[in-house]
Every structure is written in C-alpha cells, then in structure tokens.
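Please read this briefing alongside the sequence and the structure. It groups its points by topic.

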Amino acid sequence: MKRIELTIAMGLVALAMSQAAWGGQRALPTYAIQAGKIVTMRSVAKDSEAVEVINHGIILIGEGKIQAIGAARDIDVPAGYGLIDASDRWVMPGIVEAHTHIGAEGGDLNDMVTPLNPELSVSDCIDPEDIGVEKAVTGGVTTVHTMPGSGTNLSGFTVIMKTRGSSREERIVRAPGAMKMTQAYNPERRGGDLGLTRMGMSWMMRYILEQAREYADAWRAYEEGRTAEKPPYQPELENMRKAFDGKIPTFVHTYEGWGVMQTIRMLHDEYQLKTTATHTAGGGYAVGHEAGRRENVYVNIGPRLLDFSWGAEYDGRIHGMGPEYYSRGVRNLSINTDAVGWSHWIAPQEELFFQAAMSARLGLDDLTAMKAITINTARALGVDDRVGSLEVGKDADIVIKKGTLLDVTCPVDMVLIDGRIVYRREGAGVVVREKTSTADQKESQS
Amino acid sequence: MTDTRRSIVSRVFPAVAFALAGVCLIRAEARAYARPDVSSGAGAAEPIIAIKADHIDTVANGVVENGVILIRGTKIMEIGTDVEIPRTARVIDASDKTIFPGLVSPVSVIGLSGPQRGNAVSHPNYRVADELYPHQHEYARALQAGFTTLGLVPRGQGITGRGAVIKPVGSSRKEMLVVETGILWIDFRASDKMKGLVKRALESAKGKKASEDPAVAPLIEAVQGEIPTFLSCARAADTVHLFELIKGYDKMKPVLVAGYENYRIADRLAERKHPVVLAASIEFEEFTRNRLNVPDMLSEAGVKIACMPASAGIEDHEDFRRQMAELVKYGLSPKAARKAMTLHPAEALGVDYRVGSLEKGKDANLLILDGDVLDMMTVIHKIMIEGKIVYENPWGKTQ
Amino acid sequence: MIRHMRLSICRWSTFLVVIALSAGAVQTSSAKEEITAIKGGDLYTITSGIIRNGTILIRDGKIWKLGQNLDVPKDAKVIDAGGKVVMPGLVAASTLYMPAAGFAPDKVGDSLDPFNYSISLALASGVTSIFLQGRGPSGRDPIGGTNAVIKPTYGDLDSMLVAEPVAENANIGSGRWMQRTDFILKMRQAKDYLRRLADHEKAKAKNEKAEAPKKPSGIDPYLRLLRSETPLRLTAMTASEILKALELVDEFPFRLILEDTLEAWTVAEEIAARDVAVIVTPRAKQRPNEWISHPSGSNVENAAILKKAGVKFAIIPATPYFALWGVAGRDLMTLPMEAAFAVSGGLDEQTALEAITITAAEILGIDNRVGSLQEGKDADVIVLDGHPFHYNTFVELTFVNGKLLYEKSKSTYFSHIRDYDGKANGPSLDAPPEHSPLRPDMTEQEPL
C-alpha cells in the first residue's frame, strides 16, 4: 500500500473517531480485520484483469466504510478499534447480485395489464423480511439488484439494496437502480394484444423509448438553458429520463443470438443507453464479440449457465456460457441467480457463489468467475463507487470464509455490511473483540 | 417280274409311303408348335412383346447394353443382347431409353385408414386386404411415381394384423392383390406389456402346424416362416429387446423396419443377415447438426437394406426417387440404392420370386425411363405391369 | 502282425490325443482375459483409506488387485493416472426420472434403453450404479410397483440391469391413512402367520400333531419385509412423518429406507435407534413451520447431524436425474457437489464420500458388488482430474464392469473444457499465502 494513501486513511480514521466522540449520531463500530488473504477485486492497473491480492493483511473499518487496507506490516491498528481475527481465512468483498426478485413483495413482480409500465418501481414494495433476503447473507450476498419480472416489455424500475440494514433508507443503495426491459419470450405468453410477436414487442419498446428520449432531451435542454420554456412534467417518464441522462443503466431480459443482437442494436446503438443483456441463454454468446467490443454493453448470465440442446452450435458439446463470452472478448461478465422466493429447484439467492463456481467449472477461470459476482456486477450497475471491491472509501461489505468465494465445501463464516457484522455462522470460530469507547473489551467468538 | 419280287414291292412300298407320310406329319406338327400362330383363335398363346433398349438394368444380374427384353404374357421370357425376336412380337422401340424394374415399396399405408389410437393390441387376424379399396387416386399417383408393387401394412402399436402386397392398378381387390395376407406386422416398443404380448403370441404358435383359431393361424405362418414378419422398431433398444424375444424361432423370417437410431447397432444387424427396411431420409444425430446417412451406414456395415418412402403420405412416395438420389448424393452406393428400391424390398415382402428385378420368369414389371432412375432430370415414359403398359407419360420429352 | 498294428494304432491315437489336448491348451491360454492397470493415482478406496500413488489391476470385469508397488503383468493395458484421483463409480440412491427406462414402467428391465443419452451422461458424470423408480403402488395398495438398479452399460442391454426390484415401494406416508391402516393390518397378519408357522415347526419337531397354518392371501411381500429379505422405501419429509414411520418399524421389525428426509436432523437420535437408513439432499430448502414449537424445515447441517447421531445416509441432489436444460450443479451430473454442500454443513469428507458410494450401495443392497475399491468387487472405477469435491473436477475415465466406457477427451460433452494441461482461460489467483492454511487438508492415510 502506498504511503500517501496510508496517510489519507489515517486521517479519515482520526476524523471518524472524532465524529464518534461527538456522540449525537449513532456510533458505527470500528474494526480491524486481520486477514490471512485478501482478494480485493481491485485492478492492479488500468486495463489489467489481475486484481490486488494481499497476504497477511489488515482492513480498517469505520463509519461503515473501508478506511485502510494493506499488508499487516504497513498498517497500525488505532486504539479503540475492535478486532476480527480472520488470520487463517480468506477475506473478500461482499457478493453483489445483478438480477434477482427477492426482497420485494414476495413474488416475481409482474404487473401485466399493459405491456409497458414505466411508472412502476420495486422500491415501492421492498420487503426486508422476505426470506430470500434473510438467507442471502448466509451465502455472502451483501448487495442485490431486485427487479420487476419480465412479463412485459418494460416492467418498471429496479432497486439496488443491501441485504441488511435497520431501515429501508439505510438499505437502499440506489433507487431507481436500473430500467428493466424484456426483449423476448415471457411477454409473448400474454397474447391477444399488440406485442404478441417479436415485431410487436420491438415496436412497443421503441414506442416508449422514443417518447422517453424526447422527454429527456427536452428537459436537458431546458435545464442547460438552451430553451426557455419549461417542458410539461410527466411523472411516468421521470425514471426513464434518468436512464437517458446516463444516471442509471438498462437491464434487458433477452435470449438467443438474434435476441441479444437486437438488444445491443436497439438499446445501445440506437438509443445510446448503458445496457446489460441479462440471461442470454439459447445461443446468445454467438454474438458475444458484438457485446465485447462495445464498452457500454454488459453481459449478465444466469440462471442458466450452459447451452446444449437449446443453443447456437448443436454440436453435442455442453457449452458454458461464461467461458464462451469470455473467449469472444467480453470482459465485464456478471452472473446472476434470478432468485425468486426460496427453493432448491432453482438457484436461491445465497447460492450466487455456486453459480459462479459452476461457471468456473464449465471453463471460466476462477478469478473471472469471482469478479463476475463482485466488481463486474457493481460496474454494470454503476455502484462500483460503493461496492464490489475492497478499497479505501468503499462500503465495508465483507465476506470471511476458509476458502475462496467459489469453494463449495466451506461455508461463509462471517459477513459485514456497512461495517456491521450482520452474519456469524455458529461454530465458525472467528474471534471478535468488540472495543467500546469505555475501555471495556468485549470478546466473543462464535 | 417274278412273283417274289412283286410281293416284296407290294409290301415295302406302302410301308415306306406310310412312314414318309408319318414323318412329314410329325415334322409339320413340330413346326406348328415351334411357331405358335397368334391368330389361331381359342387356345391361342399369350402375346409377345419385345422391348429394345440402350440400357437394361436388371438389378439382379447387371446391366445389359443395347439389349432386348422378351416378354410373353405377364412374364419375362428372356433378356439379352442377341435375343431372337419372334415375328409375331410387338416391338417397343425404346432405343434411347433405360429399362429398370418397377419400384417396390416395402412399407406403405396409402389408401388405408389411419391408426387407431390406444394401447398396444394383439389382433393378428386383422387384414389390410379387407380394407383395400382400389379406386383411390393415391394408387394412381404411386404408380406414376414408379411403384409397381406396394407392401401395405396395418398401423397401431402391437401385433396389429396382416399386410398385403398389391399392384397399384386394377379395378377390383382381386386384381390389385399380389399376396392377400402376406406380412405379419408388429409395431414394437420395449415395455413389459408389449414384450409380454409378443411373447404370448409367439408361444401360442410355437410347435404348431395349424390352428382353427383365426388369431393363431397367422402367428403360425409367421413362426414357420411362411410369411415374413415385419418388426417395426423405432429405437435400437427396441430392436435389441425384440431380438431377444424371437431368439430360438429360427424358421421365422424377421424383417426389421428400423427407425434411424438403429444405426447404433449396425454391426449386430449385419450379423443377422435379414433385410432391414429404412426410411429414405437423412437424419440428424441427436443434439447435433451432424447429418447421418443411415441407409449408407448400414449398407457399408453389410446389411441388406430396403428403402421405404420417408413418411407415410403419398407425397413421399412421389418424392421417393429424389429421396433415394439424395442418399446416393451423400454416400450411398448407387448399386445399393437401386437394390434398395427394387430387389431387397421384394425379398423383404417375400415376393422376390415374382418381382424386384428383371429376370427370366419374373413378372414383366418395369419402367421405361429416359435416363438413370436416380437422376432427378429423368422422366418415366412408360410403366409396364405384368406385360401391359399401364401408364404413358403425356409430358415426356420428344422421342 | 495284428498285434503290431494294434500297438502302432495305440501309439498313433495317443499321439493324436496329445496333439488335440495341447491344441486345446494353446487355445485356452490365448483366450486369457485382458488386464487393465491404472497406475500412479491416489486411490480413494472409501473403505480402506487412500492409497497414494497406487495401482489398481482390473481383470475379468472385477477389481483384481490394488495397492502400492504392484507388479503389473507384461501384457496389461496400462493407464497412467499420475496426479489423478481414482475412486469407485458413484452410486445414485434415488432418481426421479431416467429416460433410459421410460416413465413409471411396470417392469424396469423390459423398458431399458442402453442407447439413451442419459446413459452417456451418467458415464460422463461418473455415476455407475443408478436406482430407478418404476411404477409405484397402485390405487389403494400400501406397497407394490417396482424399482431397479442399473448400470450405464452403453449399448449393452444384457449387462444393464443389476437387480429388480431392490425394495418394496410404500405408499403409506402423509395423507395415505387408509393405505397405512391396510399396511398395518397386513403386517399383523403376516407377523401372526409367522408366529403360527414357528409354533407349527416346534410342534412337528416334538412329533405332535399340528395343522399347518393357512396363509392369508396377499401377504407374501409383507413376509419378505418381516424376514428382512427386502427393505421398504418410503418418502418422509417432515419429523412427524418420520416418527410415524419409525413407529411401524418398532411394531414390525423390518428394514426401512426413508427418502427425502428433509427434517431428519430434528429426529436424528430417534432414527439412529432403529435399523433405518435415510436419503438426504443437503441443498434442500424448506422454511421452518412457524406454527410448531420444535425445530423444523431444512438444514444444511442435516447430514452432519445425522452422522453425529450415527444414522446411515446416502446423498442425492435436488434434481435427481441428468439435466441439461441449463441450470448447472443441481442434478446428478454433479452428484459430488451435493455431497460438497453437506461438507459445508459440517459433515466430514470421508462420510460425504461414503454417502455417494458405499453407503448408497448398502441402501440399494448392492454393496457386495460396488461402492468401494476392494479386491473382488465389480471394476466400476472412475478417474478424476482433481478432488471430487472441487467444483472444477471432471471425470476423465469411467470403467463399468472393467470396460472403459467413457473418456472425457474423446466425448463431445466436455472435451473442450479445460485443456489437458489443466490451464484455464484468463488470469488466475496467485499462490496461497505462506504460514496461512487455505483450508483443512484432505484426510491423509498411511499407505497400505
């Protein structure tokens, strides 16, 4: 770790301590985590895929943020800090989920009366007690991107939230998180009105995107002083305006080569939106190179991770979608569970790590698989200023276990969200010493 | 003259005269038999036709170039390059044409009603011949497609009855039928119910020579090998299960009507030396886009293949030559293809003593074509069944 | 002269006989079975520890010898398994639907399709013994139907069926109260019959006059259960269903196999007290029942708790067949992953391995033949390119009855995944830290 960064870090620590001393605010805990091995997910250099890995490191946490991170010999633990002894374990960023339906209302969130629903937002029906959210931390998932379903071409707006927090506001990382659209399949099941065919669906999507673009342009012109007349206010298009202003990305449920290409062509090329093609099974990777060479096109695979009889190549091979995208130049791959409720039939939220492990199995390298559930997802969502990697200034969302995130045989031992310990596995044996401002030391070991 | 000399002359001369007359008469008779007179009314012999052609593909014995087929009545009398054409023969000059045996479809269901849905059944006494209705356009269409013999089979799962061999011409059932109850048809899919059904049926006929029971008599014929037994098995597994069941029934004549998947046991089929009926189509290997030419695969493995149109409908009968041509295009040897359209199906149906190739003594069932039967540009000019021209193509190229 | 002839005939015949015999002998020796030697791998025997850098010799479809530093016969076919794991083929104690046998067949053996793709998938996944559920009991019958164990002997129908049936299917669980009553009635009849039969035998032994007891109709399967000739298989998800099943075992001793025992962890001690084996799915997810006061629902520690209590169990995945429609890791193609989840729930690796090999074989009644690497057992052997519980590990070779039926490098399924040299796409994590263990090492064993 560099000297100057260390100095800044120490400065922050001092500030935090003084803040805490003022009282008045609810005091957030401070910890020093002794780590056997930290996989930070922080790129070692621009355009490098390698990430910084620290052996025998220390992470200082306070105010819910990472205040310092580096080799143990480079960091002095300030007095008054609690201690988490993970010196024989791996310490990694909390897992970020790109595409799920948990934590809100309890179903797969489809309002399907009209084919376009730009007015709807998941943030209006967050249910923090949903069992999917409750279980998420047991698998190390700390941030989730909860979306409306894919029953309509524009099902609404998503929310990005933490899986623990004492209030709704505390949990929400950003609302709206992204605009959710659907290119194919699920909306076709409705029938009876425009949008039964894919031509019809493409038109529905264009119809609303055109209106939204015009709306966003008009307001931008007004706010930048290029026009004098204030445009009319249309609340149903306000969230779409954020997408066109580049403030939130667009996630598009899409399948197969033609579908992924249509998503790329329409959302990214025509409407210049930061676009994530999500699912993409059935041969979507066949156009992976088109995604790969567009910086603002992201690929998110899952819950299906392989193509075989429904696919692009029909060659008797079991094609892992992850490695197929990677070999075609996609470097921002993320993986999802598409979790709904809590069940073993599909991928429940806490098994996002297992989705990544299975992608690794099918040919993706281990590190890229881990990035696909941390930093890559954070970048696709545009919340990488806060989550996805262990870096100074980012949220202290941390997973501690005896192996990598992908290792199936070892369970998650401890999870911190926003610097608070939110999950401790019984029998994990991680020693925690809580230090309070009155010299009392509380030591606990679960 | 003395008296002695006079008595010898008077005795010898009449004897010699009589002898001479007798010899003359005998010779005249012989001559008459050697050259039957067509116009001599009742008891007249059958008409003779001689077809001269550039190219006579007998299928069984190679190709005769610039040859003649001599036909008397319904049968082929002779084929060769220096065949003496009788004076009274009607000559068909097909000099620039090809002669090929009429096509034989081993398995057809045209003109029959559809399958009765339901569980596997066993009614070997049911006969397709009872349903045969001659005046259907499908038969005319099948004829025009080149088929002179068709094996009609019953549908449905299990032992569904007995098929018939027909010619697609005739205005009465009797005229159409070549063999009235010729094939025992078993459509088999491995399950304990189906296996039990077949096992019981075979056991009811084992060791018997005859039965009063109309449901058992056909089974006896099948077990004794008097009629062929067609075993329709879609999957290789079905074939393996069924072959296990018929083990020991050595007189039986099993003809496997094989789904394409049977390519997986090509070597086992070759061992058995019985003909295998296959659809004339190219299939995809499971889960891939690799194309399989199963007729070629089995033929290469040494299996005697007979091809049937790719599906049940009349359209695939009309498309049959193109289907065979495609198989050849993708590897099937033309020789194997020609046999698969004619002689092998005839063998499968048990009528190769009559049809399936151009040979002396067989029915004069033949196609007069303006080119190779496997060439898609070739037109069938005339079709002959049992010595009669039953079809002339009105759109043929000018001669 | 005649004597002379006779002698010479004798000599000639002897000579001829000798020739014939030696010709026969030559014949016999040239028809000797081929021997396969798998050398250099770590042999996970399951029942006798791990033999490091071991050799296993296969002859005549059986495991002939295994150990370190074995003499390999000169003409043996040698397979280099250096750096690999060699273990017994996996055993799937239950399946839901295998297209290789059709749906709910009345007799599994008559419906088997050895060419079905699920058979080649089984080989590619290293699963060499598979339980198949046939038709279950019909209507009001408490027991009935059929089941079987098969091996994935691709193309070979004759070797496919191992046994049919291997247990009685029971339909006396939740909601089937009438069938349960019928079961109890029939079992009591059977038990009573056995008692009267025993009395009759005693009387006969004493030369007393006694009438043979009349056997009530339809109790033969129940007699088999009582005589432990066959076990009973029953689905019992909740604690109450399990306890109710145990009650039956208490009244009529019989061997019981409970399937889908989600809540077995809540009544582990009770199960352990009876001769009952269970089949569990570690990944199972079921919410606890808020309306009852004792523990309920699923628990990833299910297997670990059962082990601690001494209950015998096998592990099967949540999707108990070979699935290729897209969601990876939850089906029989990755059976070891399900066992790995049990390890994450606290189960030791040895027991986890047993649960997909020898214990599963015991539950199916085929442990005399498969489930471990032991001399004399069937040569159902798999060679893996890593530890079975590592997510990246693939089966490289699968032997069934001593025949090599699957090679990863020659099959289209996985040959494109991970080159032979083990390198994957893209950058990798750097070496583990010094002085800091990654995770507990595998159980080490002394070489045999």
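Over all chains, the salt bridges number 74. A salt bridge here is a side-chain nitrogen of Lys or Arg within 4 Å of a carboxyl oxygen of Asp or Glu. The model is predicted, so local features need pLDDT of at least 70 and side-chain atom pairs count only at pLDDT 80 or more, while totals for chains, interfaces and linings use all residues. Residues are numbered from 1 along each chain as its sequence is written, chains are lettered from A and ligands numbered from 1 in the order in which they are written, and side-chain values use heavy atoms, with hydrogens and water left out.

**Salt bridges within chains**

- Asp395(A) and Lys162(A) form a salt bridge, with their closest N and O atoms 2.6 Å apart.
- This pair links distant parts of the chain, 233 residues apart. Asp395(A) lies in the loop between helix H11 (375-381) and strand E17 (398-401) of chain A. Lys162(A) lies in strand E8 (residues 159-162) of chain A.
- Helices (H or I, at least four residues) and strands (E, at least two) are DSSP runs, numbered from the N terminus.
- Asp395(A) and Lys162(A) are both buried. Buried means under 20% relative accessible area, exposed over 50%, and partly exposed in between (1.4 Å probe, protein chains only).
- In chain B, the side chains of Arg354(B) and Glu386(B) meet in a salt bridge (2.9 Å, N to O). Arg354(B) sits in the loop between helix H12 (343-349) and strand E16 (366-369) of chain B. Glu386(B) sits in the loop between strand E17 (380-385) and strand E18 (388-392) of chain B, and the two are 32 residues apart.
- Both Arg354(B) and Glu386(B) are buried.
- One network, joined by salt bridges that share partners, holds Lys65(A), Lys162(A), Arg386(A), Asp395(A), Asp397(A) and Asp418(A).
- Glu290(A) and Arg294(A) also meet through their side chains in a salt bridge (2.7 Å, N to O). Each of these two, Glu290(A) and Arg294(A), is buried.

**Chain C against chain A**

- In this interface, 50 residues of chain C are in contact with 57 residues of chain A. Contact means heavy atoms within 4.5 Å.
- About 4,700 Å² is buried between chain C and chain A, and carbon and sulfur atoms give 60% of that. Buried area is the accessible area (1.4 Å probe) that two parts lose on being put together, summed over both.
- Three salt bridges are counted between chain C and chain A. Glu351(A) and Arg283(C) meet in a salt bridge (2.8 Å, N to O).

**Helix H4 of chain A**

- Helix H4 (residues 198-223) of chain A has 26 residues and should span 38 Å at 1.5 Å a residue. The expected span is 1.5 Å times one less than the number of residues. The end C-alpha atoms are 37 Å apart, which agrees.
- The buried residues of H4(A) include Met201(A), Leu209(A) and Trp219(A).
- They pack against strand E7 (154-157), strand E10 (179-182), helix H5 (238-244) and helix H6 (256-270) of chain A.
- Just after H4(A), Gly225(A) has a positive phi of about 80 degrees.

**Strand E17 of chain C**

- Six of the six residues of strand E17 (residues 395-400) of chain C are buried, so this strand is largely enclosed by the rest of the structure.
- E17(C) pairs with strand E16 (residues 381-384) of chain C in the antiparallel sense over four bridges. Two strands pair if DSSP finds at least two bridges between them.
- E17(C) and E18(C) form a hairpin with two residues between them. Asn401(C), in the turn, has a positive phi of about 50 degrees.
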